[in-house]
Amino acid sequence: MKISIFTKNIIIVILGFFLKTSATASEEAKYDIVYKNNIYEIRFYPKRLIVESVYNDSKTFRKLFNYISGANNNSEEIEMTIPVTQVKKDNTIFMQFILPSKFTKETIPIPLNSDVEISIIEEGYFAIIEYSGKSSDKNFIRYSKILQGKLL
């Protein structure tokens with residue numbers, strides 16, 4: 001399969017690390033697998049709502065987790081979903097939580113932390129590589145390079 005046929009070569013790296021919390025994910029973002037091998041998958045995702053923050057350090061996860069734990073204008077707890085993703089946009093790495101499908105841009109609570117933003121990812125094809133371990137720039141860069149190398 002030639003990956004270059006896809007017009008959107010957006011790369012998402014899924015984090016498979018364990019949380020030291022009692023939270024468990026209750027919903028997974030819907031997708032169709034278009035292609036799969038033992039290293040990566042090409043998935044088609046419909047449009048989805050996310051909460052994201054620039055990835056600066058290990059505290060970025062905590063900022064997003066605090067938002068879904070009630071640090072929002074409604075003090076509403078939002079169920080955790082999977083996957084937690086990292087993506088590079090305009091040379092900046094972002095960490096993202098996909099929000100439960102019951103929310104819309106109009107109904108999602110507003111974050112209290114100005115570093116946390118609600119956004120929409122438009123539908124499209126995404127190359128996915130899964131890995132376990134610590135969320136770090138080093139791991140993100142390592143697995144991004146592996147994925148990019150396999151896609152070219």
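**Entry 1: salt bridges**

I began with Lys89 and Glu52, whose side chains meet in a salt bridge at 3.0 Å, N to O, where a salt bridge is a side-chain nitrogen of Lys or Arg within 4 Å of a carboxyl oxygen of Asp or Glu. Lys89 lies in strand β7 (residues 84-89) and Glu52 in strand β5, so the pair ties together parts that are 37 residues apart in sequence; helices (H or I, at least four residues) and strands (E, at least two) are DSSP runs, numbered from the N terminus. I then looked up accessibility, with buried meaning under 20% relative accessible area, exposed over 50% and partly exposed in between (1.4 Å probe, protein chains only). Lys89 is partly exposed at 30%, whereas Glu52 is buried at 5%.

I note that this is a predicted model, in which local features need pLDDT of at least 70 and side-chain atom pairs count only at pLDDT 80 or more, while totals for chains, interfaces and linings use all residues. Residues are numbered from 1 along each chain as its sequence is written, and side-chain values use heavy atoms, with hydrogens and water left out.

By the salt-bridge rule the count comes to 5. I followed the network that links Lys36, Glu41, Arg43 and Glu130. In it, Lys36 bridges to Glu41 with the closest N and O atoms 3.6 Å apart; Lys36 is exposed at 54%, but Glu41 is buried at 9%. Glu130 and Arg43 form another bridge, their closest N and O atoms being 3.5 Å apart. Because Glu130 lies in strand β10 (residues 124-131) and Arg43 in strand β4 (residues 41-45), this pair ties together parts that are 87 residues apart in sequence. Glu130 is exposed at 55% relative accessibility, and Arg43 is buried at 3%.

**Entry 2: aromatic rings**

I searched the whole structure for aromatic pairs and found 6, taking rings of Phe, Tyr and Trp (its six-membered ring) as paired if their centres lie within 6.5 Å, with planes under 30 degrees apart counted as stacked, over 60 as edge-to-face and the rest as tilted. Tyr35 and Tyr40 make a tilted pair, 5.8 Å centre to centre with 45° between the planes; Tyr35 is partly exposed at 26% and Tyr40 is buried at 6%. The ring centres of Tyr45 and Phe126 are 5.8 Å apart and their planes stand at 80°, so I logged the pair as edge-to-face. This pair links distant parts of the chain, with Tyr45 in strand β4 and Phe126 in strand β10, 81 residues apart, and Tyr45 and Phe126 are both buried. Together with Tyr31 they form one aromatic cluster.

I also checked for charges over rings (NZ of Lys or CZ of Arg within 6 Å of the ring centre and within 35 degrees of the ring normal). The charged end of Arg43 sits over the ring of Tyr31, 4.0 Å from its centre, and that of Arg48 sits over the ring of Phe126, 4.7 Å from its centre.

**Entry 3: Ser119**

Which residues does Ser119 touch, leaving out those up to four places away in sequence? I found Arg48, Leu49, Ile50, Glu52 and Lys105, with contact meaning heavy atoms within 4.5 Å. Ser119 belongs to strand β9 (residues 117-121) and is buried, with a relative accessible area of 19%.
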